[in-house]
Amino acid sequence: MSDDLLPVSDALARILSAMSPMPAETVALTEALGRVTADPITARRTQPPVAVSAMDGYAVRAQDVASVPATLKRIGAAPAGGLFEGTVGPGECVRIFTGGPVPDGADAIVIQEDVDADSEEDGATVTVREGAAAGTYIRPAGLDFHEGDLGIAAGRRLSARDIGLAATMNVPWISVRRKPRVAILSTGDEIVRPGELTDPMRIVSSNAYALAAVVRAVGGEPVDLGIAPDDEGALRRLAAGARGADMLVTTGGASVGRHDLVQKALRDTEFGADALEVGFWKIAMRPGKPLIFGRFAGVPMLGLPGNPVSTVVCATVFLRPALETMLGLETVGGQEEQAVLAVDLKENDRRQDYVRATWEMGDDGRRHVRPFPRQDSSMMSRLAAADCLIVRPAHDPSRKAGDTVRVLCLAGDFLSI
Ligand SMILES: Nc1nc2c(c(=O)[nH]1)N[C@H]1C(S)=C(S)[C@@H](COP(=O)(O)OP(=O)(O)OC[C@H]3O[C@@H](n4cnc5c(N)ncnc54)[C@H](O)[C@@H]3O)O[C@H]1N2
Ligand code: MOO
């Protein structure tokens with residue numbers, strides 16, 4: 001029976017191939033942080049539009065200051081955003097400030113520290129103590145970009161730097177992928193919301209909350225359909241709320257237990273053409289074996305195991321890249337790295353293992369990873385404390401401390417300036 005288990009890579013490929021890109025919508029630049037561009041952003045101006053000064057000082061003709069001290073006459077001023085309309089002739093200079101347009105005739109900037117001026121008025125006598133070669137402290141027109149240049153490609157998650165660039169490019173509205181709406185349905189008679197624990201035997205729901213957080217962090221919009229008791233009718237009624245969402249994610253009821261009703265309820269003929277079509281069920285993964293993938297109500301459906309750690313690990317390995325594919329991102333999935341094992345590991349069985357581990361920087365400048373001794377898929381405290389998941393392929397032979405292993409990073413993810 002374990003031969004039926006689908007390898008993780010096949011499961012992921014099948015999930016990703018079922019995802020379609022979200023339609024585009026337009027948002028104000030101020031709302032665009034973390035959104036994914038649907039169209040390229042191109043410059044709507046040339047920056048700088050003309051040659052400008054990089055410093056506060058005087059715009060001069062380089063040949064006039066080739067030998068110093070040189071005495072010049074101030075004939076005007078060019079602040080940032082202003083333009084001195086005249087031309088700098090022999091023996092003349094123009095007071096200029098950082099960002100000010102370089103007037104005609106001038107071809108160098110002398111910084112004010114290298115000058116003695118007898119006043120801050122036009123007509124002042126300016127004595128230049130240090131020369132400046134042609135081009136000194138001048139930013140040529142288009143130094144940063146030209147109108148029509150590509151600023152940000154489509155399929156990029158906008159960082160704070162990108163927002164700054166789009167603003168500089170004079171682009172106030174951005175075409176982004178609509179956030180995928182992910183309906184989240186928890187299941188189980190025993191499950192109650194955090195804060196509503198009146199019977200100590202009940203289980204507090206972590207899954208819907210962790211899943212909603214994953215959805216938000218990746219750039220989607222979670223919709224909580226609530227907690228369905230282990231009753232087919234109730235499950236069907238709540239699952240119907242997935243209509244209009246872009247994906248349905250269920251937790252619990254995925255395995256073979258008596259109460260594990262998700263597949264049965266969602267396949268019901270009451271749903272007609274919307275009924276669940278199962279693409280696959282059960283994969284060679286630990287934790288996460290009973291994963292269900294299919295289509296329900298016209299959208300992809302991911303049925304995650306109820307164990308809280310299994311839910312979050314499956315969300316990391318499958319839901320995150322699925323949403324990123326819907327968002328049109330070019331690179332999907334969390335960051336993977338090579339790391340050094342701090343302890344020995346015994347050989348792995350037929351399920352690809354995601355081992356919760358911490359890391360520390362070794363003297364060799366590499367990350368050294370140490371698995372938690374107990375890997376039970378109910379232990380959220382260990383998952384929250386983990387820096388990474390050591391990814392052990394199916395049938396991986398035993399490993400020694402010092403061996404290199406592949407890790408999927410959890411810590412430090414999701415924040416990019
Ligand atoms: N005989 C077998 N038993 C189990 C198998 C198996 O192959 N044969 N698989 C095991 C594996 S692996 C997993 S993973 C679990 C998952 O099964 P289910 O998806 O059916 O999960 P449930 O039974 O509904 O719940 C498991 C566990 O998680 C708790 N839970 C459920 N929902 C939540 C929630 N929203 N928040 C927090 N905790 C939740 C639930 O109370 C259970 O304790 O099955 C194994 N069994
Ligand atoms: O696959 Mo289960 O998720 O081992 O705990």
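**Exercise 1. Find what follows α3, then work out how α3 sits in the fold.**

Start at the end: α3 is followed by G219, whose phi is positive, near 115 degrees. Helices here are DSSP runs of H or I with at least four residues, and strands are E runs of at least two, both numbered from the N terminus. A quick note on the set-up: this is a predicted model, where local features need pLDDT of at least 70, side-chain atom pairs count only at pLDDT 80 or more, and totals for chains, interfaces and linings use all residues. Residues are numbered from 1 along each chain as its sequence is written, while chains are lettered from A and ligands numbered from 1 in the order in which they are written.

Step 1: check the length. α3 has 12 residues and reaches 16 Å from its first C-alpha to its last, close to the 16 Å expected at 1.5 Å a residue (1.5 Å times one less than the number of residues).

Step 2: In α3 they are N207, A208, A210, L211, V214, V215 and V218. They cover an arc of only 165 degrees around the axis, so they lie on the same side of α3; the arc is that of the directions from the helix axis to the C-beta atoms.

Step 3: look for partners. The buried residues of α3 pack against β13 (181–187), β16 (221–228), β17 (247–251) and α6, with contact meaning C-beta atoms, placed from the backbone, within 7 Å.

**Exercise 2. Describe the shell around ligand 1.**

Step 1: count residues whose C-beta atom, placed from the backbone, lies within 6 Å of the ligand. There are 26 around ligand 1, and the closest are N207, G252, A254, S255 and G306.

Step 2: assign elements. Those giving two or more residues to this shell are α3 (207–218) and α6 (308–326).

**Exercise 3. Is V171 buried or partly exposed, and what does V171 touch?**

Step 1: count neighbours. V171 counts as partly exposed because 19 C-beta neighbours fall inside 10 Å.

Step 2: leave aside neighbours within four places in sequence. V171 is then in contact with L29, I41, R44 and A166. V171 and R44 are 127 residues apart in sequence and 6.7 Å apart in space, C-alpha to C-alpha.

Definitions and conventions:
Buried ≥ 20, exposed ≤ 12 C-beta atoms within 10 Å, placed from the backbone. Contact = placed C-beta atoms within 7 Å.
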